[in-house]
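I have kept to what can be read from the coordinates, beginning with a term that the later points rely on.

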Amino acid sequence: MSGETLAFACRCGSLRGEITDVSPAAYTNILCHCADCRSAYTHLGLADPEKVGILQTTQDRIKITEGGEALQVFRLSGRGALRWYASCCDTPLFYTPLKARAVHVGVNTDRLDTPDALTPPMSEAYIPTADGKTRHKGVGRMVTRMVTRMAAKNLNGEWRDTPFFDDSGAPALPPQVLTREERAAALMGVRKGA
Ligand SMILES: [Zn+2]
Ligand SMILES: [Zn+2]
């Protein structure tokens, strides 16, 4: 296999890493407007980004090369995905499902050194509409690509190659689950209808 390497870093630059072997076939570039992706920012004290650029790929491509001891994880609720961040400067970095075998990871593209190197976003989720609802663009393709990647990595056992889970499939760090108050405070920072 061959492909590019994309570098990422937290805001202060202490935690660094790379996404290896990322040919355009190996990832899906999306934009997500959902309150969960945005409240991962507001929970950490950052401004509401209104939409979050996410590179979806498989966890075996993620290598943390420096400052890995700053990696921490929270969940917005007891049913929420794992939201991984750099605690040195409270920068949201990744989200993963709860199960290691899902192999899926979303990398926040605002942390890439060269976000312009990506192919344009293929799908857009939870776009607010004028009537207060949301709509999606190209989400079917996004899901198909995610499921195809998952099937391949489970077939050949590569799902174990991940910085986010241990060999038993448990999260590498114990996730902090936000209290209802913390969750409400994070949502307060998310602008409605934006
Ligand atoms: Zn940092
Ligand atoms: Zn989202």
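1. A residue is called buried here when its relative accessible area is under 20%, exposed when that area is over 50%, and partly exposed in between. Please keep in mind throughout that this is a predicted model.

2. For reference, the ideal angle for four tetrahedral donors is 109.5 degrees.

3. The protein donors of the zinc ion (ligand 2) are the SG atoms of Cys-32, Cys-34 and Cys-37, which lie 2.2 to 2.3 Å from the ion. Their spacing in sequence is C-x1-C-x2-C, and both Cys-32 and Cys-37 are buried.

4. The largest pocket has a volume of about 320 Å³. It is lined by 19 residues, and those closest to its centre are Cys-32, Cys-34, Cys-37, Tyr-95 and Tyr-126, so that the three cysteines named as protein donors of the zinc ion (ligand 2) are among the residues closest to the pocket centre, a volume being computed over the protein atoms alone. At least two lining residues come from each of β3, α1, β4 (52-58), β10 (123-128) and α2 (139-155), and α2 contributes the most, with four.

5. His-33 sits in the loop between β3 (28-32) and α1 (35-43). With 11% relative accessibility it counts as buried, because that value falls under the 20% limit. Its side chain makes a polar contact of 2.8 Å with the side chain of Glu-124. Leaving aside residues up to four places away in sequence, His-33 also touches Arg-38, Glu-50 and Lys-51, together with the run Ala-125, Tyr-126, Ile-127 and Pro-128.

6. In helix α1, the buried residues are Cys-37, Arg-38, Ser-39, Ala-40, Tyr-41 and Thr-42. Ser-39, which belongs to this helix, is buried with a relative accessible area of 0%. Not counting residues up to four places away in sequence, Ser-39 touches Leu-76, Arg-183, Ala-186, Leu-187 and Val-190. Just after α1, Gly-45 takes a positive phi of about 90 degrees.

7. How many cavities of 30 Å³ or more does a search of the whole structure find? There are two, and the largest cavity holds about 70 Å³ of space. Its lining is made up of 14 residues, with Ala-40, Arg-83, Pro-92, Phe-94 and Asn-108 nearest the centre. At least two lining residues are supplied by each of α1, β4, β7 (82-86) and β8 (91-96), and β8 gives the most, with four residues.

Conventions
Residues are numbered from 1 along each chain as its sequence is written. Chains are lettered from A and ligands numbered from 1 in the order in which they are written. This is a predicted model: local features need pLDDT of at least 70, side-chain atom pairs count only at pLDDT 80 or more; totals for chains, interfaces and linings use all residues. Side-chain values use heavy atoms; hydrogens and water are left out. Buried means under 20% relative accessible area, exposed over 50%, partly exposed in between (1.4 Å probe, protein chains only). A polar contact is a pair of N or O atoms within 3.5 Å; within protein, one must be able to donate a hydrogen and the other to accept it, and residues adjacent in sequence count only if both atoms are side-chain atoms. Contact means heavy atoms within 4.5 Å. Donors are N, O and S atoms within 2.8 Å of the metal (3.2 Å for Na, K and Ca); water is not among the atoms, so sites may look incomplete. On a 1 Å grid over the protein atoms alone, a cavity is a set of points where a 1.4 Å probe fits but cannot get out, and a pocket is an open set with protein on both sides within 12 Å along at least five of seven lines; lining residues have an atom within 4 Å of a point. Grid points are joined across faces, edges and corners, and a volume is the space filled by probe spheres set on the points.
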